[in-house]
Amino acid sequence: MSNRTVLVSGAGIAGPAAAYWLRRAGYSPTVVERAPAPRPGGQAVDLRGAGRTVISRMGLMERARALGLHQRGLALVDRRGRITARVPGDAFGGEGIISEIEILRGDLCELLYDATLPDTEYLFDDTITDLREDDDGVLVTFERAAPRRFDLVVGADGLHSTVRALAFGPEEKYVRPLGCYTAWFTSTEDLDLDGWYLMHNAPGGLVTSARPGRLPGEVKAGLSFRSEPLSYDRRDVRGQQDVIAARFARVGWPAPRLLAGMRACTDFAFDSVGQVHLDRWSRGRVVLLGDAGYCPTPLTGLGTSVALVGAYVLAGELAAADGDHVAAFARYEDLIRPYVTSAQELPPGGVSGYAPMSRPAIWARGLSMRWMTRWPMRPVIARQFAKAADIELPEYAFASVG
């Protein structure tokens, strides 16, 4: 087998999943990650459909279930915290807005990271600065480590992918912003959530949310707002928090308490909401995976599924093609492109449905949620989340757990 050494950029969900399957398929993966260690925190992600099947084939389902959050469902509240609409977690057979298995992003990342040890090399606190490809491989220059040559490079480094920028071109060519920004962080404010994922909409496209964490007394907070493109320093956490504080200064419910908790948290994350669209996910010996190549946005609830499926299929097709990366990359795209295209279709209302601008639109959102489990809304919502299973995963020889 040729093309045995693979550099994977990104140690989130897609990167370690790819490293796991590449190792099982006989490759030697190295993962580079800008953060100094696996990133903690983050909000809940959904294990749905084919993504759940991939986790099962990794032999990790029992541990994933043990790490899952216990939530009664999603509820909308007014500025005083009174519930105005709710959808129980068992609606749609556990495949609705709240899925049967929801796991904190940091917990899933750590689970996948542990599964790759000790057979995967990690280069933390580093990033790629240059890619030079020739007939025999890719010479990779790092910010800290010495230059190294790899047979293949996988970009699994998210919405703002460094690999995509170096191999395909600037971000603005491929990322389609949806006019929304979101901050996520962990708070220890004493909020009476009663087991519910609570969400409050305020005029101007402002969304405040709080859900129970996995640990006692832990609240996972989210603050989102509609906006034209903003210019900000992605490494200036204090500056990002100032933006959030200014936007939510007059919002009710627990926003003031969450803002206080935001200043003290250790896992603050802030980013734009956008989708990634490319005509091809590979160029030469470089290939994109997960959000770097086809981010569907958190609004779909399907980003984790497409990342896990992509990692599995990419490694499987490389193994099936005996290292012929040209054939493998083409087959990878053929197999999952329809799945990704479907997953990128936003749920009814899109960003406007999630973060309505006016009071009448907020009232309409509450009305639609109250009707979500009834006809004619129920089949529409059910189809959105059924997309997670809308692919027949190949049975690769290396994939049997043993």
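Visitor: At what angle do helix α1 and helix α9 pack?
Guide: In this predicted model, α1 (residues 14–24) and α9 (residues 303–320) pack at an angle of about 30 degrees, and their axes are 8 Å apart. That makes α1 roughly parallel to α9, because angles under 35 degrees count as roughly parallel, over 145 as roughly antiparallel, 65 to 115 as roughly perpendicular and the rest as oblique. The axes are lines fitted to C-alpha atoms, for helices over the stretch in contact, and the angles run from 0 to 180 degrees between N-to-C directions. Helices (H or I, at least four residues) and strands (E, at least two) are DSSP runs, numbered from the N terminus.

Visitor: Which residues make the contact?
Guide: From α1 they are Ala14, Ala17, Ala18, Trp21 and Leu22, and from α9 they are Ala307, Leu308, Ala311, Tyr312, Ala315 and Leu318, where contact means heavy atoms within 4.5 Å.

Visitor: And how many of those are nonpolar, polar or charged?
Guide: The contact of α1 with α9 has 11 nonpolar residues, no polar and no charged ones. Ala, Val, Leu, Ile, Met, Phe, Trp, Tyr, Cys and Pro count as nonpolar, Asp, Glu, Lys and Arg as charged, and the others, Gly among them, as polar.

Visitor: New topic: how many residues of strand β14 are buried?
Guide: In β14 (residues 206–212), 7 of its 7 residues are buried, and buried means under 20% relative accessible area, exposed over 50%, and partly exposed in between (1.4 Å probe, protein chains only). Leu206, Thr208, Ala210 and Pro212 point one way from the strand, while Val207, Ser209 and Arg211 point the other way.

Visitor: Which way does β13 run beside it, parallel or antiparallel?
Guide: β13 (residues 196–202) and β14 run antiparallel and are joined by 5 bridges; two strands pair if DSSP finds at least two bridges between them. They form a hairpin with 3 residues between them, and Gly204 in that turn has a positive phi of about 95 degrees.

Visitor: What about β15?
Guide: β15 (residues 219–226) is also antiparallel to β14, with 7 bridges, and Lys220 is the bridge partner of Arg211.

Visitor: Last one: is Gly179 buried or partly exposed?
Guide: Gly179, in strand β12 (residues 175–187), counts as partly exposed because its relative accessibility is 23%.

Visitor: Anything about how the numbers were made?
Guide: Residues are numbered from 1 along each chain as its sequence is written, and side-chain values use heavy atoms, with hydrogens and water left out. Local features need pLDDT of at least 70, side-chain atom pairs count only at pLDDT 80 or more, and totals for chains, interfaces and linings use all residues.
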